[in-house]
Amino acid sequence: MKASLPRSMHRLVRFFMVLFLCFLTAQAHADKFSDSYLGLRIEAATVHGQWDIALRDLDVAIGLDMNGNGEITWNEVRSRHPDISQYALSRLAISSNDKPCPVQVTTQQIERHSDGAYAALNFDALCPDIVQRLEVRYNLLFDIDPQHKGLVKFNSANGTSTAVFDPEHRTQSFMPDQTSRVEQAMQFLKTGIWHIWIGFDHLLFLFSLLLPAVLAPSGTHWRPGESLKDAAVDVLKIVTAFTIAHSLTLTLSTLQLVTLPARWVESAIAASVIVAALNNLYPLVQGRRWVVAFLFGLIHGFGFASVLADLGLPASSLAVALLGFNMGVEIGQMAIVAAFLPIAYALRQTWFYRRLVFTAGSTMIVAVGTVWLIQRAFDLSLIDI
């Protein structure tokens, strides 16, 4: 006789399933997490800059949608130009050789990035003398979205360097006469790790492939696996295939050799989540799941590339950023696998894993992926939290 859970436990499980669904749907409603793009160029004692800030972020911060119809028009943005400038400049400070460089916005326009429209603020920072060491302090949106990143491109006569602002790294220093490739690579390595950890669609796709790794196919069902070694080999094949695939398209897309519309890419990523999780519930592909990982990994690579492609780096700096970011993604993936596999293997014979984690978890992933697909394919908002 099979043991059954108390009715109160069933209600609790259903509650957390609904909560999990709502949370993930809300987190992944936007195609890409909040970024801004700051370009700086030194000319003697003047710093010329362009700062691209997503209109959706500005709408949250200061309110751009004046009539509340869910659409931001050019007239609405233009009417708020003074407020946009004031808000942005209150969160950016530039100094040279430890002396402040007052910043003044010269023009504002609209720029298109892979994930939508951005307000582009062109500005000049007038420093008291020729810049030898530039220090930039950045505080945009951190009080609203702790996951926000500021991606900066610094151009000087000696080349281009890059950096990433986040709540733990609000100040960056740039030396016009020095560019550190190692520091650039480390910055983007950290960004790659963080990107995979907060990229819920990428995470759910990976988990969908990892869940059956500690099980073995038995007809149209799954049974507990007998060997941790076999599970580890299966995971190694999956992660390797996924890595090769997304590294290929990440490189092609970042170098702008192959580009796809962001809406298509994000919709296909959502579809990959659904297919991978459905295969757990109705196993059609069992022995070669690494093939599924490879095929859909090609699509996920285009999703990863948006972070670097929108920065517009020259080839010399792009190679360093690409290497660091890709390594970061892999480190983030392997950290997840190392934490997940031993626990999953230890629990593989329990009701908790087979019914709740594997079956109920895969069902929730299908539901979340379906909502994402509809939202992204038809540009709808099904759940607004």
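The structure is a predicted model, in which local features need pLDDT of at least 70, side-chain atom pairs count only at pLDDT 80 or more, and totals for chains, interfaces and linings use all residues. Residues are numbered from 1 along each chain as its sequence is written, and side-chain values use heavy atoms, with hydrogens and water left out. The protein chain has 11 helices and 12 strands; these are DSSP runs numbered from the N terminus, with helices (H or I) of at least four residues and strands (E) of at least two.

**Overall make-up**

- Of the 385 residues in the protein chain, 48% are buried. Buried means under 20% relative accessible area, exposed means over 50%, and partly exposed lies in between (1.4 Å probe, protein chains only).
- The accessible surface of the chain comes to about 18,400 Å², and 61% of this surface belongs to carbon and sulfur atoms. Accessible areas come from the Shrake-Rupley method with a 1.4 Å probe, and for residues only the protein chains shown count as cover.
- Among contacts with a separation of 6 or more, 73% join residues 24 or more positions apart. Contact means heavy atoms within 4.5 Å.

**Nonpolar cores**

- In soluble globular proteins, nonpolar side chains tend to be buried together.
- The largest nonpolar core has 36 residues, of which Val-214, Val-235, Tyr-353 and Trp-372 touch the most other members. Such a core is a set of buried Ala, Val, Leu, Ile, Met, Phe, Trp, Tyr and Cys residues joined through side-chain atoms within 4.5 Å.
- Two or more residues of this core come from each of H6, H7, H8, helix H10 (315–347) and H11. The most are given by H6, with 7 residues.
- Another core, of 34 residues, lies apart from this one and includes Leu-58, Leu-64, Ile-94 and Phe-174.
- Leaving out residues up to four places away in sequence, Val-214 touches Pro-224, Gly-225, Ala-231, Leu-341, Ala-344, Tyr-345, Arg-348 and Tyr-353.

- Asp-201 is in helix H6 (residues 200–210) and is buried, with a relative accessible area of 7%.
- The side chains of Asp-201 and Arg-376 make a polar contact at 3.1 Å. A polar contact is a pair of N or O atoms within 3.5 Å; within protein, one must be able to donate a hydrogen and the other to accept it, and residues adjacent in sequence count only if both atoms are side-chain atoms.
- Beyond its neighbours within four places in sequence, Asp-201 is in contact with Glu-266, Ile-269, Val-273, His-300, Trp-372 and Arg-376.
- Thr-370 belongs to helix H11 (residues 351–378) and counts as partly exposed, at 31% relative accessibility. Between Thr-370 and Ala-270 there are 7.2 Å in space, C-alpha to C-alpha, although the two are 100 residues apart in sequence.

**Loop residues with positive phi**

- Asp-98, in the loop between strand S3 (92–96) and strand S4 (99–100), has a positive phi of about 70° although it is not a glycine. Asp-98 is exposed, with a relative accessible area of 62%.
- Leu-141, in the loop between strand S7 (134–138) and strand S8 (149–156), is also not a glycine and has a positive phi of about 65°. Leu-141 counts as buried, at 3% relative accessibility.
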